[in-house]
Structure formats: C-alpha cells, structure tokens
Amino acid sequence: MYLVQTAHPQFLGLLLGCLAWIFVMITTGLNEWRLWYLDVGNTSVITSGVAWVGIWRACFYSHVLAKVENCQSISIAAPFAPAEIPVAQVLMMLAVVAGLVANICGAVAMRLVYFSVADRRNMRLVFVLAGMLYLLTSGLCLVPLLWNINSVAKNNTIDFPQEFQLPSAPVRQQIGSAIGVGIFASVLSLISGLLFLSYRYVCRSLRSQEPRDTGEPVLGPQTKTSLVNPENHGRDNPAYLSEDVS
C-alpha cells in the first residue's frame with residue numbers, strides 16, 4: 001500500500017476544515033445573532049418591528065430616519081453589554097486564529113503524505129496537532145453560540161444607551177441565522193479534528209520499518225546456508241541439480 005492511499009479521509013478533513021474556517025469568519029461578522037421583535041406602536045423610529053443584535057453591532061430598519069439601515073457598534077468594553085457579548089467577541093476571534101493555524105498544520109500534514117517526504121518522524125505529531133486545533137476551533141466557536149442561545153431562551157434584556165434607539169427588552173426574541181451558521185461550522189471543525197486524530201498508519205509503518213543489517217543492498221540479508229559459509233561459495237543449489245537415471 002502506498003502512503004498516499006492512507007490519508008484520503010484526512011484530505012477530506014482538510015477540505016471540511018477550510019469550509020469550517022470560512023463559516024466561522026462569516027458567523028463572526030454577521031449581525032443576526034439575536035432577532036428582537038418590537039412593538040411598533042411603542043417605537044417611533046423602528047418601523048420594521050425587528051432589530052438585529054450581534055456581537056459587534058445592533059441594527060434595525062427605519063423609514064423615518066435619514067438612513068434606512070441604522071447600526072451602532074458594540075465595543076468589547078461597553079458597560080451596557082451583557083457578559084456573553086464581549087466573551088463572544090474574544091472567543092470568535094480566537095476561533096478564527098485557531099482555525100487558520102489548524103488549516104496550515106493540516107496542509108503541512110497532507111504535504112508530508114502526498115509528496116512522500118523522506119523524514120516522516122514528525123508526521124504523526126503534525127496530524128495530532130492539526131486535529132487538536134480543529135477541535136479547539138470547534139469548542140471556541142460553540143461556547144459563545146450556546147451562551148447566546150441560552151440568553152435568547154431566557155429572553156434576557158440589554159440596557160442599550162439612548163443613541164441606540166432600542167428598548168431594553170423586546171416583546172420576544174429568537175436566535176438568528178448567525179447561530180445556525182456557527183453551529184454548522186463547529187460541527188464541520190469537529191469532524192475534521194476527529195478525522196485527523198484517527199490517522200494511525202504512520203505509527204504502524206514507523207514500527208515496521210526498523211533498520212536491518214544487510215550484507216548486500218540488492219540481495220538482502222545474508223543467510224547461513226549460502227553466504228556465511230565460504231564452502232558453499234560457487235556451488236549450485238542442490239535442489240536444482242538433476243540426477244542421472246541409469
């Protein structure tokens with residue numbers, strides 16, 4: 001079996017990891033983490049009745065104000081932001097970095113396999129490192145998602161300042177599309193990590209390829225019946241001698 005034939009699942013894992021990293025970045029930038037449904041009668045500017053609360057911005061549509069889409073940034077040190085928002089900002093950025101490093105390690109591991117690098121002693125370490133980083137990416141992305149899902153389920157409020165023009169509590173709220181994209185990215189990253197950690201061929205091949213002392217590189221190891229005994233040198237193999245039948 002060729003070494004390249006042992007890493008097809010891991011190549012699929014690398015593709016899934018790249019997709020997961022793209023979806024993690026999309027999740028980080030989306031505003032639709034929470035959908036706030038508001039009473040239009042009590043708000044004079046939010047004519048759409050829906051506001052989008054993300055981890056970086058809060059937005060709503062209005063036909064009264066000068067701009068149709070109105071957004072206000074949420075900084076990591078904003079005093080009004082609940083704990084899940086600044087924590088999500090930090091963890092999602094760490095997930096982006098961890099996913100990028102995981103893809104680099106996965107690409108290096110595939111290079112070691114597909115290009116048959118002579119020194120393969122560190123190959124298993126690279127596969128394990130890539131798998132652990134993919135699992136770390138999945139965990140970093142999943143924690144803020146679940147935390148925000150819990151906040152939506154409890155209908156937690158946010159005391160927005162006056163310039164946001166948003167009430168502190170909606171009539172009801174639900175999870176947005178960013179949560180779904182993020183969960184999908186976490187699952188892809190988890191599968192990719194498990195595929196890389198399941199690569200075992202290198203351990204078996206390295207144990208089986210122990211150095212052996214061969215007398216001649218072409219003929220292989222010497223045997224006692226032929227090359228070790230000098231008396232046998234130059235003689236034919238008795239098994240292939242013909243006997244004269246009288």
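## Helix packing and nonpolar cores

In this predicted model, helix α1 (residues 8–29) packs against helix α4 (residues 177–197) at an angle of about 155°, and their axes lie 8 Å apart. Angles over 145 degrees count as roughly antiparallel, so α1 is roughly antiparallel to α4. The crossing of these two helices is left-handed.

Which residues of α1 meet α4? Among them are Leu14, Leu16, Phe23 and Ile26 in α1, while the α4 side includes Val181, Phe184, Leu188 and Phe196. By class, the contact has 16 nonpolar, seven polar and no charged residues.

Let's turn to another neighbour of α1. Helix α3 (residues 123–153) has an axis that comes within 11 Å of the α1 axis, and the two cross at roughly 30°. The pair is therefore roughly parallel, and this crossing is left-handed. Gln10, Leu14, Gly17, Val24 and Thr27 in α1 meet Phe127, Tyr134, Thr137, Cys141 and Leu145 in α3.

| Helix pair | Angle | Axis distance |
|---|---|---|
| α1 and α4 | about 155° | 8 Å |
| α1 and α3 | roughly 30° | within 11 Å |

Now for the cores. The largest nonpolar core holds 17 residues, and Trp36, Ile74, Phe80, Ile158, Phe160 and Leu166 touch the most other members. Strands β2 (50–53) and β3 (57–61) each supply at least two residues of this core. A second, separate core of 16 residues includes Ala7, Cys105, Met110 and Tyr134.

What does Ile158 touch, leaving aside residues up to four places away in sequence? Its contacts include Arg34, Trp36, Val53, Phe80 and Pro167.

How values were computed
Residues are numbered from 1 along each chain as its sequence is written. This is a predicted model: local features need pLDDT of at least 70, side-chain atom pairs count only at pLDDT 80 or more; totals for chains, interfaces and linings use all residues. Side-chain values use heavy atoms; hydrogens and water are left out. A nonpolar core is a set of buried Ala, Val, Leu, Ile, Met, Phe, Trp, Tyr and Cys residues joined through side-chain atoms within 4.5 Å. Buried means under 20% relative accessible area, exposed over 50%, partly exposed in between (1.4 Å probe, protein chains only). Helices (H or I, at least four residues) and strands (E, at least two) are DSSP runs, numbered from the N terminus. Contact means heavy atoms within 4.5 Å. Axes are lines fitted to C-alpha atoms, for helices over the stretch in contact, and angles run from 0 to 180 degrees between N-to-C directions. Angles under 35 degrees count as roughly parallel, over 145 as roughly antiparallel, 65 to 115 as roughly perpendicular and the rest as oblique. A crossing is left-handed if the near helix is turned anticlockwise from the far one by less than a right angle, and right-handed if clockwise. Ala, Val, Leu, Ile, Met, Phe, Trp, Tyr, Cys and Pro count as nonpolar, Asp, Glu, Lys and Arg as charged, and the others, Gly among them, as polar.
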